[in-house]
Amino acid sequence: MDASAWLSDPEVMRVAVPLLALAAAILLYLLSGPLLKRVVGRLRRSLRQLSVPFELLFVPFRTTLVLVVMLMFLPSLPVSPPLLSVANHLLVILFILVLAWLSLRLLRVLSSLILGRYEVGEINNLEARRVTTHLELIRKILNVIIVVIAVSAALMTFDAVRQVGISVLASAGVAGIILGFAAQKSIATLIAGIQIAVTQPIRIDDVVIVENEWGRIEEITLTYVVVRIWDQRRLVVPISHFLDKPFQNWTRSSAELIGTVYLHADYRVDVDALRSELQRILESTPLWDRRVSGLQVTGATDRSVELRALVSAANSSDAWDLRCLVRERLLAFLQSTQPESLPKIRLEPGPGEVKRKEA
């Protein structure tokens, strides 16, 4: 039997065409891997120090290519029309889902590519936090849209679902009102998430006080915000909380802060000596950013006087450490040089009163 007769044999073609399609798909999947790695290598050399996870695109991109090849070969397969229709339907659904998967990974890579040009860990990172917050929320909104479109497109490939969809569209007004009442809380939360993305009362890595807890904004989603508390706990707060209730944002426009240290001392305290000691303490530590320093008597009771020291720092963490350092050093100074200035409750006459009585 010659080659032409062999190729025209239906039984041979019934086996050969599927095998060729499968071999072409496998070959394409294997060959695309090294090619993608070479392209990514050139991109990384051009981007230099930017860390972009291009590897996330490898599997979904190669799978998309394989599905395209299979859809191209599918009409030439010598199989019955019912089986061909079922196979085509499954491949179309897979193609829609894989394309959505690729889109989600592509958004993540593009986000990393943009964020790689900013450093959130820097002290003056206001612009980096603003861009990070915008991109993260926009990416999550687009993720939801892509998933909804992909699932809808996959479901619309079924005739029964398509008919249901047409019926739903015909009664969209009534359905919209019912869904609006039923999901008004969810819709309000979603709108709040979009509003946070636009107005940005909070950003990624902002220092905030929420529910009397000090922490940093770790994650912002469309429905909730994760606050990393100073003791490594995580406080999960509904995103509407940041629009409905007041909260403190210590890094809204700048990371710089002024800290206060309160001390209580006896009326005999030497304020000038304490003020000089405060300046010496500040000059000896890098925690002080040299903007603000001062010590004043801010109150007096029948037992003691209240002293307030003002100190400034570049960020909230340095401000906390600086306040603790100043408090410890000033107390040590009073204990060592002016022990009579420590607050006390008098139950007996002082030395001057004793001498007057003796006289």
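D266 is buried, with a relative accessible area of 0%, where buried means under 20% relative accessible area, exposed over 50% and partly exposed in between (1.4 Å probe, protein chains only). This is a predicted model, in which local features need pLDDT of at least 70 and side-chain atom pairs count only at pLDDT 80 or more, while totals for chains, interfaces and linings use all residues. Residues are numbered from 1 along each chain as its sequence is written, and side-chain values use heavy atoms, with hydrogens and water left out.

A search of the whole structure finds 13 salt bridges, each being a side-chain nitrogen of Lys or Arg within 4 Å of a carboxyl oxygen of Asp or Glu. Three of them are listed here.

| Salt bridge | N to O distance |
|---|---|
| R216 and D205 | 3.7 Å |
| D231 and R233 | 2.8 Å |
| R268 and D266 | 3.3 Å |

R268, the partner of D266, counts as partly exposed at 46% relative accessibility.

The side chains of R216 and D205 meet in a salt bridge; R216 lies in strand β2 (residues 213–220) and D205 in the loop between α8 (184–199) and β1 (207–210), so the pair ties together parts that are 11 residues apart in sequence. Both R216 and D205 are buried. Helices (H or I, at least four residues) and strands (E, at least two) are DSSP runs, numbered from the N terminus.
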